[in-house]
Every structure is written in structure tokens, then in C-alpha cells.
Amino acid sequence: MTEIKTPCYVIDEGKLIKNLEILKGVQDRTGCKILLAQKAFSCYHLYPLISEYLSGTACSGLFEARLGYEEMGKENHVFSAGYRENEIDEIISYCDDIIFNSFAQLEKYRKKVLGAGKKIGLRINPEISTQEGHEIYDPCSPKSRLGITRKNFDTDNLYGVSGLHFHTLCEQNSDDLEKTLDAVEEKFGDVLKKMQWINFGGGHHITRADYDIERLERCIKRMQKKYGLEVYIEPGEAVALNAGYLVTEVLDITCNDIPIAILDCSASCHMPDVLEMPYRPPLRDSGKPYEKKYTYRLGSQTCLSGDVIGEYSFDNPLEIGEHLIFEDMAIYSMVKNNTFNGMPLPSILLLRTDGTVETLRKFGYENFRNRL
């Protein structure tokens with residue numbers, strides 16, 4: 001990839017297909033429906049390919065709802081913590097299932113949804129945390145605004161409601177899903193008997209090498225057999241996990257306590273999870289600090305002092321003009337990037353299975369200017 005202009009995202013078609021084949025296998029063996037959670041991966045150029053394997057899209061608001069409707073054209077489910085009055089009619093026109101976060105929102109929009117012949121769901125909070133150290137991504141944290149707890153659940157106000165939705169996981173295995181289902185049954189088992197479908201939400205790392213798919217399928221079949229429910233899952237990361245790269249160039253090498261490589265990409269602008277999680281992106285042909293002979297701190301050209309990707313070691317000294325390839329950069333990168341400091345948005349490229357590289361999008365000054 002030394003001949004391409006940096007910075008750029010590269011989507012690996014072959015690895016994407018491999019993930020999709022795994023997900024389709026789960027659908028085929030269980031009869032569940034798997035939806036692409038667009039909040040993690042919204043590169044609609046690949047939606048025709050994804051639609052060959054998955055059942056549709058999941059969205060979080062108007063723009064994602066429209067994108068899924070126009071570009072995928074299959075089942076389209078939406079959840080939002082709060083819907084705007086001036087958007088709800090358009091959202092309903094795009095979506096098959098509208099999921100509410102409160103009974104107040106259900107009361108406000110129930111007539112519109114049912115009048116349009118669409119399905120209604122409620123998001124529940126089973127109040128079980130299976131994550132450690134990432135409260136910002138834990139929908140079951142004590143202060144969570146997401147989902148209705150059992151204490152606040154009105155079982156006498158379910159007219160028109162056909163399904164329940166929960167989303168409690170983040171990059172987790174199916175043992176945590178199993179624990180969550182135990183809590184869902186304990187708190188909402190009586191409600192499940194009145195429903196037609198259940199949505200397990202996202203956060204399932206189904207395409208990760210150590211993921212227990214058999215346990216996941218047992219969880220799906222458990223809900224199907226015990227309650228007669230149609231089961232939906234809406235992973236985002238699992239669809240494009242390890243299926244993309246961010247290619248960057250070394251612009252300069254300076255030194256403070258250790259050598260510092262200045263790159264033409266930015267953690268703040270191009271891979272925000274590095275600073276939010278925090279998250280250490282895998283870097284091809286590198287090691288942990290001091291694992292290999294030469295250790296560098298990798299940082300951006302922006303003015304933000306903390307815009308640092310991390311410390312990595314290499315077998316050989318880095319050189320100005322050298323290209324570095326960060327891996328697992330298809331998810332939560334293109335959908336979250338920004339132009340802080342006037343940083344350019346990386347181009348989006350597609351690495352085809354035959355080895356050719358196709359440019360899907362290029363960005364320039366206008367993309368920065370027109371946002372302001």
C-alpha cells in the first residue's frame with residue numbers, strides 16, 4: 001500500500017465477506033435475523049454486498065434510518081432515547097420497527113406508528129452489568145438513561161407493543177449474553193409471554209476468533225422455543241471486525257523522553273475511540289513498547305497535546321515518508337471522524353478480493369468548510 005495517498009481508510013472486501021459468512025451461518029442454523037448496526041459501520045457502498053448475507057439494518061435516528069432504507073432496502077429497525085416531533089413521521093416511513101425508550105414516548109407516538117402499520121418495541125434495562133471499566137459504554141450502569149427498568153415498567157400499558165429490545169454488551173462473548181438473558185427472564189419473563197419478538201441488541205463479537213457461537217445459538221433457540229419469539233441481533237463491530245485499515249505516513253521524527261513519530265493521521269480526528277475508550281489499535285509489524293528494538297510514541301500533527309495514538313516498538317528505525325498500517329479500522333472510525341484543526345478526512349478505499357484497490361470516496365477542503 002506504499003503507492004496510495006495517505007491518510008486513507010482501506011476496507012478489505014475479503015475479510016468483510018468472511019465475517020458476513022459467519023453471521024449468515026448463525027442466521028441459517030437458527031432462523032434468527034441479523035441486522036447491521038450502522039452506528040459502527042455505515043459505508044453504504046458495501047450495502048449491496050452486505051444485503052446478500054444479512055436481514056437488514058438497525059439505526060439510531062433519522063439519517064441512519066434513511067440511509068438503511070435507501071441503500072439496503074431490507075428490514076429497518078430504529079431505536080432512539082428520544083424522538084423529535086418534526087422527524088418522527090419521516091422515521092416511521094423508513095422503518096419497520098420503532099423502539100421506544102420510555103412509556104411517555106410510546107404514548108406520544110403510538111397512534112402514528114400503529115396507523116402506519118409499523119411494529120412497536122420497548123427497550124428494557126435488565127440491570128445487569130457484565131462489563132468492567134467502561135461505564136461510558138455500559139447501558140446497565142447505575143446512572144444509565146437507556147432502557148426501562150422493571151420498577152418503571154407499566155405492564156398495563158402494552159397496547160400495540162409487539163417486542164422487547166435490550167442492548168447491554170460491548171465487545172463481549174456469548175457467556176455475557178447468557179447471563180443477561182437470565183436477568184431478562186427473571187425481571188421480564190411475564191412480559192415476554194405477551195410479545196412476538198425480542199432484539200438482543202449489539203455488542204456481540206461474533207466474528208472474533210474465540211467467540212462461542214454455539215452458546216449464542218443456544219441463547220437464540222432458548223427464546224424461540226420457550227416464548228415463541230422471533231429473535232433479532234444487531235451487531236455492528238462483528239460485521240466489519242478486522243476488515244479495514246488506516247494507512248498513514250510518518251511526517252517527522254522528534255524526541256522528548258523517547259523518539260516521537262509525527263503522523264498525518266490523528267487519534268482525535270480519525271480514530272476517536274483511542275482517546276474515548278481508551279483503545280490501542282493494532283499496528284502491522286509492530287510490538288508493545290520495548291518489545292522490539294526501537295520504540296516510538298506515535299502522535300498527530302494537530303495542536304492537541306494529547307493527540308497520541310500510543311507507544312509501539314519496531315524491528316528497524318522508522319523513516320520519514322514511511323507508511324504505517326493501523327488495523328481493525330473499519331469500525332467506529334469513518335462514522336465518528338471529524339475535521340478538528342482543519343485535518344482532512346481520509347479517503348475511503350476498497351481492497352477487492354482480486355487484489356485491486358478502488359477509491360470509493362475522496363474528501364477535500366469543501367468537506368471541512370461546508371460543515372461550518
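This is a predicted model: local features need pLDDT of at least 70, side-chain atom pairs count only at pLDDT 80 or more; totals for chains, interfaces and linings use all residues.
**Barrel**

I count two strands as paired if DSSP finds at least two bridges between them, and I take helices (H or I, at least four residues) and strands (E, at least two) as DSSP runs, numbered from the N terminus. Residue numbers start from 1 along each chain as its sequence is written, and side-chain values rest on heavy atoms, with hydrogens and water left out.

I looked up how the strands are arranged, and found that eight of them close into a barrel with parallel pairing, in the order E2-E3-E4-E5-E6-E7-E8-E9. From one strand to the next the twist averages 25°.

I then asked myself which strands pair with E9. Strand E2 (residues 33–37) pairs with strand E9 (residues 230–233) in the parallel sense over two bridges, and strand E8 (residues 197–199) pairs with E9, also in the parallel sense, over three bridges. For Ile-198, the bridge partner in E9 is Val-231.

I followed helix H3 next, which lies across E2, strand E3 (56–59) and strand E4 (75–79), and runs at about 170° to E3. For such angles, axes are lines fitted to C-alpha atoms, for helices over the stretch in contact, and the values run from 0 to 180 degrees between N-to-C directions.

I wrote down both values for each helix pair, since two packed helices are described by the angle between their axes and the distance between the axes. Helix H3 (residues 62–72) and helix H4 (residues 85–94) have axes that come within 9 Å and cross at roughly 25°. The two helices, H3 and H4, are therefore roughly parallel, a label that applies to angles under 35 degrees, with over 145 counting as roughly antiparallel, 65 to 115 as roughly perpendicular and the rest as oblique. The crossing of H3 and H4 is left-handed; that word is used if the near helix is turned anticlockwise from the far one by less than a right angle, and right-handed if clockwise. From H3, the residues making the contact (heavy atoms within 4.5 Å) are Leu-62, Ala-65, Arg-66 and Tyr-69, and from H4 they are Glu-87, Glu-90, Ile-91, Ser-93 and Tyr-94. By class I have five nonpolar, one polar and three charged residues in the contact of H3 with H4, where Ala, Val, Leu, Ile, Met, Phe, Trp, Tyr, Cys and Pro count as nonpolar, Asp, Glu, Lys and Arg as charged, and the others, Gly among them, as polar.

**H4 with H5**

I found that the axes of H4 and helix H5 (residues 103–115) come within 10 Å and cross at roughly 30°, which makes H4 roughly parallel to H5. This crossing of H4 and H5 is right-handed. On H4, Glu-85, Ile-88, Asp-89 and Ile-92 meet Lys-108, Tyr-109, Lys-112 and Val-113 of H5, a set I divided into four nonpolar, no polar and four charged residues.

**H1 with H7**

I also looked up helix H1 (residues 13–30) and helix H7 (residues 213–227), whose axes are 10 Å apart and which pack at an angle of about 35°. The crossing of H1 and H7 is right-handed. H1 brings Ile-22, Gly-25, Val-26, Arg-29 and Thr-30 to the contact, and H7 brings Ile-213, Leu-216, Glu-217, Ile-220, Lys-221 and Gln-224; by class these are five nonpolar, three polar and three charged residues.

**Salt bridges**

My search of the whole structure gave 26 salt bridges, each a side-chain nitrogen of Lys or Arg within 4 Å of a carboxyl oxygen of Asp or Glu. I looked at the one between Asp-28 and Lys-24, where the closest N and O atoms are 2.9 Å apart. Both Asp-28 and Lys-24 belong to helix H1 and stand four residues apart, about one turn of the helix.

**Backbone exceptions**

I checked the backbone last, given that most residues other than glycine have a negative phi, and most peptide bonds are trans. Thr-6 and Pro-7 are joined by a cis peptide bond with omega of about -5°, and Pro-7 sits in the segment before strand E1 (8–12). A cis peptide bond with omega of about -5° also joins Met-277 and Pro-278, and I placed Pro-278 in the loop between helix H10 (273–276) and strand E12 (294–300). Asp-285 is in the loop between H10 and E12, and its phi is near 60°, a positive value in a residue other than glycine.
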